[in-house]
Amino acid sequence: MIDISLTVNGGRHELSVSPETTLLGLLRNQLGLTGAKLGCDVGDCGACTVIIDGRSVNACLMLAAQADGCSVLTIEGLATREQLHPIQQAFEVHASLQCGFCGPGIILSAKALLDGNPDPSRQDVREGLSGNLCRCTGYAKMIEAVLQAACVMRGETEDVDGKSKAGS
Amino acid sequence: MRAFDYLATVDLRQAVRLLDEHGTSARILAGGTDLLADLKSSSSSPGLIIDISRIKELKVIESTAHGLRIGAMVTHSEIMQSALIREHCPALADAARTIGAVQTRNLGTLGGNLVTAVPSMDSGATLLALDARVVLACGGGTREMPLTDFFMGPRKTVLRPGELLVEVVIPACNLGKPAHFLKTGLRKGQALALVNVAASLWLDAAGNIEEPRIALGAVAPSVIRAMAAERYLAGRSPQSGSMAEAGKIAAEECRPINDFRATAAYRRDLVAVLVKRALAQACERALKRQHERGAP
């Protein structure tokens, strides 16, 4: 077993893991964080996307031991108890998810994109989400939601319903 | 995954020592994007996994008198963002952008992409077109060779047991050499290349093509140079007709296969078109460069 320490959604964890445990296995089975999903298990579908030290990765393609000393953000750490994250709000308003299985991964890919590029073009959003598959194929409403969330996060609109701060 | 032992090291010498001790019963973990997928489908244990992703000296991108050194553990995202690479060999950043998706590029490394040596890799063509060299280390020291000599076939390289790819060097004389990378897949996102192509060239004082390089991916057992097309092009003026002819020659000399993604014939057609376009773009960059430097 390997002793590791990592921060998950702001909380410190000291854990013992077997070498062959993936980061996804650690999150889901040892920490009970089942937001990140096991989809293809080979890095094609993005359902297991989490953010590590600011970068989006497929948690199924990372050993838990590789995350030693890192800070991990999962979908469970995105909202506060009081309020959803603007990306989550936009997904709700735009009815962007159907079955929802891909949602946690898509939303975290969107978060990583907007953290690095607060004013993305539609094409930037498409590229930013290209590592995430939605088998309900509902991409159009997701792209709308991410563009809307970007406006909100830049402070250009008050909320995801699109009301302008200037009232116009 | 079958049980294995895992060791992470931040010391290159220790990594080489461990690899030397364990030989074929050890495997290197760089970004892990290929390795983990591989281990999950394998019925045997790799024995020991040596994680070298945190070795700082393998993450360096540095311009030296020798050339531009790119450490084997530099990720594709880091290549895309590197100011040095964007200045000296932007085609390499363009190629990195086409690899996998963001998540893969954040973990996957240049060294891993080269060592895995799949024929459709996207890192190889631009590096071949810039005459890149690779540095390999083992317990006994290091050796350096042209990247062309590193590949032996699909998933086969000259790496010996106990040997580690530590860096890629783009020779100083090729920094700033006008080059262009193009890739065609079945879709835009996360697609393996049906064909990828990189071309580089200089224009001499008379405006003729000098030292042309044409490299092709996914159309031979490993990434290759289209030497006959290069020989044809050397010394010619950069007319669209000669670039189209070079494309046709390259399509003749590559050895594509039929598979479920495309027929060999279609891949040859792609080679002809992409080589012509990549050469035209490289020429355009060369002319722009001459213009900026005030040459006639």
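Okay, let's start with Leu114(A), which is found in helix H3 of chain A, residues 103–116. Helices here are DSSP runs of H or I with at least four residues, strands are E runs of at least two, and both are numbered from the N terminus. Before I go on, the source notes: this is a predicted model, where local features need pLDDT of at least 70 and side-chain atom pairs count only at pLDDT 80 or more, while totals for chains, interfaces and linings use all residues. Residues are numbered from 1 along each chain as its sequence is written, and chains are lettered from A and ligands numbered from 1 in the order in which they are written.

So, is Leu114(A) buried or exposed? Leu114(A) is buried, because 22 other C-beta atoms lie within 10 Å. The cut-offs are 20 or more other C-beta atoms within 10 Å for buried, 12 or fewer for exposed, and partly exposed in between, with C-beta atoms placed from the backbone. Skipping residues up to four places away in sequence, Leu114(A) touches Ala149(A), Ala150(A) and Met153(A); contact means backbone-placed C-beta atoms within 7 Å. Val125(A) is 11 residues from Leu114(A) along the chain, and their C-alpha atoms are separated by 8.9 Å.

Now the contact between the chains. It takes 22 residues from chain B and 23 residues from chain A. On the chain B side, the elements giving two or more residues are strand E1 (5–8), helix H2 (35–40), strand E3 (48–51) and helix H6 (102–107). H6(B) has the largest share, 5 residues. By class, that side of chain B divides into 11 nonpolar, 8 polar and 3 charged. Here Ala, Val, Leu, Ile, Met, Phe, Trp, Tyr, Cys and Pro count as nonpolar, Asp, Glu, Lys and Arg as charged, and the others, Gly among them, as polar.

Next, domains. Chain B is divided into domain 1 (5–51), domain 2 (56–174) and domain 3 (179–287), with bounds from an automatic or database domain assignment. Domains 2 and 3 of chain B have C-alpha centres 20 Å apart, and 24 residues of domain 2 are in contact with 24 residues of domain 3. On the domain 2 side, H8(B) gives the most, with 5 residues.

Val168(B) counts as buried because it has 25 C-beta neighbours inside 10 Å. Its contacts, again not counting residues up to four places away, are Ile70(B), Leu110(B), Leu127(B), Ala132(B) and Val134(B).

Last up, the core. The largest nonpolar core has 141 residues; a core is a set of buried Ala, Val, Leu, Ile, Met, Phe, Trp, Tyr and Cys residues joined through C-beta atoms within 7 Å. Helix H12 (residues 264–292) of chain B gives the most to this core, with 10 residues. Among those with the most contacts inside the core is Leu216(B), whose contacts beyond four places in sequence include Ala125(B), Ala250(B) and Val271(B).

And how do H11(B) and H12(B) pack? Helix H11 (residues 240–253) of chain B packs on H12(B) at about 145 degrees, with axes 7 Å apart. Those axes are lines fitted to C-alpha atoms over the stretch in contact, and angles run from 0 to 180 degrees between N-to-C directions. By class, the contact of H11(B) with H12(B) has 11 nonpolar, 2 polar and 3 charged residues.

Technical notes. Contact = placed C-beta atoms within 7 Å.
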